[in-house]
Amino acid sequence: MRPYELWIGLRYTRAKRRNHFISFITGTAIMGMVIGVAALIAVMAVMNGFDHTLRSRILSVTSDVIVQGNGMPVLDWPAAVQKLAALPGVMGAAPYVQAQSMLSNGSLVSGAVVEGIDPALENGVNRLDHDMKAGSLAALKTPWSIVLGRSLARDLGVGVGDKITLISPQGGVTPLGVTPRLRQFTVVGLFSVGIYAYDSGLAYINLGDAQRLYGMGHGVTGLRLKIKDPFAAPQFASNLQKQIGPAFYVQDWTQTHENFFKALKMEKLVMFVILSLIVAVAAFNIVATLVMVVTDKETDIAILRTIGVSPRSITAIFMIQGAVIGIFGTLLGVIGGVLLALNIPTLVPAIEQLFHVQFLSPEVYSISQLPSRLEPMDVVHVAIAALVMSWVATIYPSWRAARIDPAEALRYE
């Protein structure tokens with residue numbers, strides 16, 4: 001590309017318009033590009049924040065890898081814990097017993113997943129101890145004690161020190177039929193991980209109490225493992241499955257919540273496509289702007305053609321002008337989007353407090369605060385998409401400018 005094409009294209013961009021409407025349309029195209037790019041970056045940051053926050057909170061109550069007996073309890077679990085904890089990359093291993101039960105306090109009843117754990121080993125496989133809001137996880141060493149999710153405790157109307165009744169469906173056989181087991185527990189702690197499904201439907205008891213209550217003998221439902229790199233859990237689980245054989249079933253955290261994260265990934269993709277339409281609309285404004293500029297500059301184009309400028313050079317001049325609009329709008333949009341994404345955790349609470357509204361209900365969205373996590377590659381992808389669309393928008397007006405007949409344009413001059 002020769003220098004004069006760049007010079008003329010930049011001059012047309014900087015020049016004050018005789019037609020103020022063209023200037024207005026140009027400004028609108030730039031602002032549309034700025035708003036579209038900024039909104040896209042901010043929304044992608046929020047989606048990344050949702051993904052990261054939910055992953056972290058899920059991993060605080062679940063483990064990276066789970067090893068279960070294939071339809072049978074794991075009996076010799078102390079030896080299994082030692083062997084698994086000695087594997088390369090494993091930071092901790094702990095047994096657990098899991099069952100569905102009913103919890104009641106007077107007339108208040110709620111279903112829950114009850115897990116029997118060893119408090120001393122459990123701290124090595126998750127971060128539940130850091131999510132305790134009252135009491136402590138270590139208090140589970142006391143026989144017949146229970147730790148509840150904070151929302152579950154609120155539904156049952158209990159707090160630390162209160163007593164509740166646990167009703168186990170694995171009952172005993174009597175002449176009257178199968179009767180459920182009932183046992184009274186003392187609440188010794190409340191936890192909250194920030195995900196409503198866990199806070200309202202999960203409870204922990206001592207491992208020995210769970211084995212006696214659910215008739216597990218000395219067996220456990222399975223073993224939890226914590227590894228150095230949680231994102232390498234799928235590969236680790238696959239390798240471990242090959243080592244221990246079909247007698248056990250190995251599952252990583254991405255499998256236990258596979259549908260959830262697939263839905264989140266699809267939602268992020270859909271939001272990217274939908275908000276890209278804003279940028280596409282701004283690109284169409286560039287088309288309208290350049291078409292009017294070409295109409296306004298027909299005389300200039302004709303003069304350039306008569307002094308020997310080729311149609312290809314005319315095309316380049318107006319493509320440069322459109323590209324400058326796209327680059328300028330994209331640059332401002334990236335700056336605005338990055339600043340907005342970095343300040344979302346501060347801006348949203350301020351808006352909620354100012355207008356007395358709540359954007360996220362924890363019962364619906366699992367979290368109560370709008371998270372934000374800016375990924376540099378998302379910014380790059382958005383910027384590239386905006387630049388490509390703005391460049392494509394210059395093709396038709398530039399092609400039309402190159403087809404102007406000099407004699408026809410100068411007929412009445």
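1. Helix α15, which spans residues 395-402, contains Ile-395. The model is a predicted one, and the points below should be read on that basis.

2. Ile-395 belongs to a nonpolar patch on the surface, together with Met-377, Val-380, Ile-384, Val-388, Trp-391 and Val-392. The accessible area of these residues together is about 620 Å². Helix α14 supplies the largest share of the patch, six residues.

3. Helix α14 (residues 376-393) also packs against helix α10 (residues 258-296): their axes come within 9 Å and cross at roughly 35°. The crossing of α10 and α14 is right-handed.

4. On the α10 side, the residues that meet α14 are Lys-268, Phe-272, Ser-276, Val-279, Ala-280, Ala-283, Ile-286 and Val-287. Their counterparts in α14 are Asp-378, Val-382, Ala-386, Met-389, Ser-390 and Ala-393. Sorted by type, the residues of this contact comprise 10 nonpolar, two polar and two charged.

5. On salt bridges, the count comes to five, taking a side-chain nitrogen of Lys or Arg within 4 Å of a carboxyl oxygen of Asp or Glu. One of them may be checked by eye: Glu-115 pairs with Arg-224, and the closest N and O atoms are 2.2 Å apart.

Notes:
Residues are numbered from 1 along each chain as its sequence is written. This is a predicted model: local features need pLDDT of at least 70, side-chain atom pairs count only at pLDDT 80 or more; totals for chains, interfaces and linings use all residues. Side-chain values use heavy atoms; hydrogens and water are left out. Axes are lines fitted to C-alpha atoms, for helices over the stretch in contact, and angles run from 0 to 180 degrees between N-to-C directions. Helices (H or I, at least four residues) and strands (E, at least two) are DSSP runs, numbered from the N terminus. A crossing is left-handed if the near helix is turned anticlockwise from the far one by less than a right angle, and right-handed if clockwise. Contact means heavy atoms within 4.5 Å. Ala, Val, Leu, Ile, Met, Phe, Trp, Tyr, Cys and Pro count as nonpolar, Asp, Glu, Lys and Arg as charged, and the others, Gly among them, as polar. Patches are made of residues with over 30% relative accessible area and no salt bridge: like charges are joined within 9 Å, nonpolar side chains (Val, Leu, Ile, Met, Phe, Trp, Tyr) within 5 Å. Accessible areas come from the Shrake-Rupley method with a 1.4 Å probe; for residues, only the protein chains shown count as cover.
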